[in-house]
Amino acid sequence: MRPREVVMDSPTSLSALAGEARRGDGGAADRLWDGVRPRLLRIGLALGVPAADVPDLVQDVLLAAHRGLRTFDPEKGSLEAWLGTILVHRARNLFRSGRRRRGFFARFPMLPARQATRGAIDAVEARLTLERLLTFLTEKQREVVALYEIGELSAEETGRLLDITAAGVRSIARDARIRLSEAAAGQRLSQEERR
Amino acid sequence: MTDERTGIDLLRRAVGEVAASLPPPRRARRPALRPVAWVLAGAAVVIAALVIGHPLRQEAPSRPLVEVVSLRIQGRETRARIVESAAAGSIVVVPSRQDAQPGKKGDLR
């Protein structure tokens, strides 16, 4: 059963759960992490992390958050922003290590590529669409879209997290939306041409 | 003209579908040992260290105290050693008669 996401809609209940978890309530911690996981999965996907890596990435983020929960200071920002910071840093590390890994394996073209497991057709199409759309965005645009549009953090929180102003976040998000719309129009055209 | 929201809505739908297709999460890993277990493990290590270190901390057997005194035995002045031993108590050691030269004090260096 997929966890309910109701706690993510209510920052108050999130803060309350975080407080209880900080005091050592294991049940509250489980509810907290189950509640925030779906949004973190979406942010990870929107950042461009390969879908196969996203569950492990999010699990690592939650484990790090669980261990560091005592260091989380609600006065410095929301729990969502704190988790977003951890996620973005880990995703960046993953991209860097992924580039190194790809560079290494590119030197051995005789090695067979690992075949991706195919799930439902819809999920595969969605995955391809996601990957294709994200190629139209720069790294900064992807981060802004992931946190501000998909993760629904405020422009101020996103800006603090990415070290840019809130106005900059809105501007980057608008550019990204335009690019995505152009990409979507291009995709629609190519689909119509194929028919 | 393309609607500005078209692309982001498509992305949002794709993200939602892919997220829904991901495997369910594994249970969060908990620390291998709970705090109480850490305390018990620490206590066990301390006890083990004490048990192992105990023979090493025993004091080495002290050398017996030796005191040289002059005793008058059978009218002769004789130097004797009194050895204080923790195991055997006080032992008086005197030279045997043939060792002792008449008219000389016993030399028990």
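Colleague: Which residues have the most contacts inside the largest nonpolar core?

Modeller: They are A:L45, A:A46, A:L130, B:L11 and B:V15, in a core of 55 residues. A nonpolar core here is a set of buried Ala, Val, Leu, Ile, Met, Phe, Trp, Tyr and Cys residues joined through C-beta atoms within 7 Å. Buried means that 20 or more other C-beta atoms, placed from the backbone, lie within 10 Å of the residue's own. In soluble globular proteins, nonpolar side chains tend to be buried together. This is a predicted model, in which local features need pLDDT of at least 70 and side-chain atom pairs count only at pLDDT 80 or more, while totals for chains, interfaces and linings use all residues. Residues are numbered from 1 along each chain as its sequence is written, and chains are lettered from A and ligands numbered from 1 in the order in which they are written.

Colleague: Which helix gives the largest share of this core, and where does the core lie relative to the domains of chain A?

Modeller: Helix 2 of chain A (residues 26-47) gives the largest share, ten residues. Domain 1 (1-111) and domain 2 (118-195) of chain A, with bounds from an automatic or database domain assignment, both contribute, so the core lies between them.

Colleague: What is B:V15 in contact with, beyond its neighbours within four places in sequence?

Modeller: A contact means C-beta atoms, placed from the backbone, within 7 Å. By that rule B:V15 touches A:R42, A:L45, A:A46, A:L130 and A:I150. Over the whole interface, 23 residues of chain B are in contact with 34 residues of chain A. The side of chain B that touches chain A has eleven nonpolar, five polar and seven charged residues; Asp, Glu, Lys and Arg count as charged, Ala, Val, Leu, Ile, Met, Phe, Trp, Tyr, Cys and Pro as nonpolar, and the others, Gly among them, as polar.

Colleague: How many helices and strands does chain A have?

Modeller: Helices (H or I, at least four residues) and strands (E, at least two) are DSSP runs, numbered from the N terminus. Chain A has eight helices and zero strands. Of its 195 residues, 35% are buried. Among its contacts between residues at least 6 apart in sequence, 66% join residues at least 24 apart.

Colleague: Why is helix 6 of chain A described as largely enclosed?

Modeller: Nine of the twelve residues of helix 6 (residues 139-150) of chain A are buried, so the rest of the structure largely encloses it. The buried ones include A:R142 and A:E143 as well as A:V144 and A:I150. Just after this helix, A:E152 takes a positive phi of about 55°.

Colleague: What is the order of the strands in the sheet of chain B?

Modeller: Strands pair if DSSP finds at least two bridges between them. In chain B, three strands form an open antiparallel sheet in the order 1-2-3. Strand 1 (65-73) and strand 3 (89-93) of chain B each have a single partner strand, so one side of each has no neighbour in the sheet.

Colleague: How many bridges join the strands?

Modeller: Nine join strand 1 of chain B to strand 2 of chain B, and five join strand 2 (residues 76-85) of chain B to strand 3 of chain B. B:V68 stands opposite B:R81, and B:I82 has B:V92 as bridge partner. Strands 1 and 2 of chain B form a hairpin with two residues between them, and B:Q74 in the turn has a positive phi of about 50°. Strands 2 and 3 of chain B form a hairpin with three residues between them.

Note on methods:
Contact = placed C-beta atoms within 7 Å.
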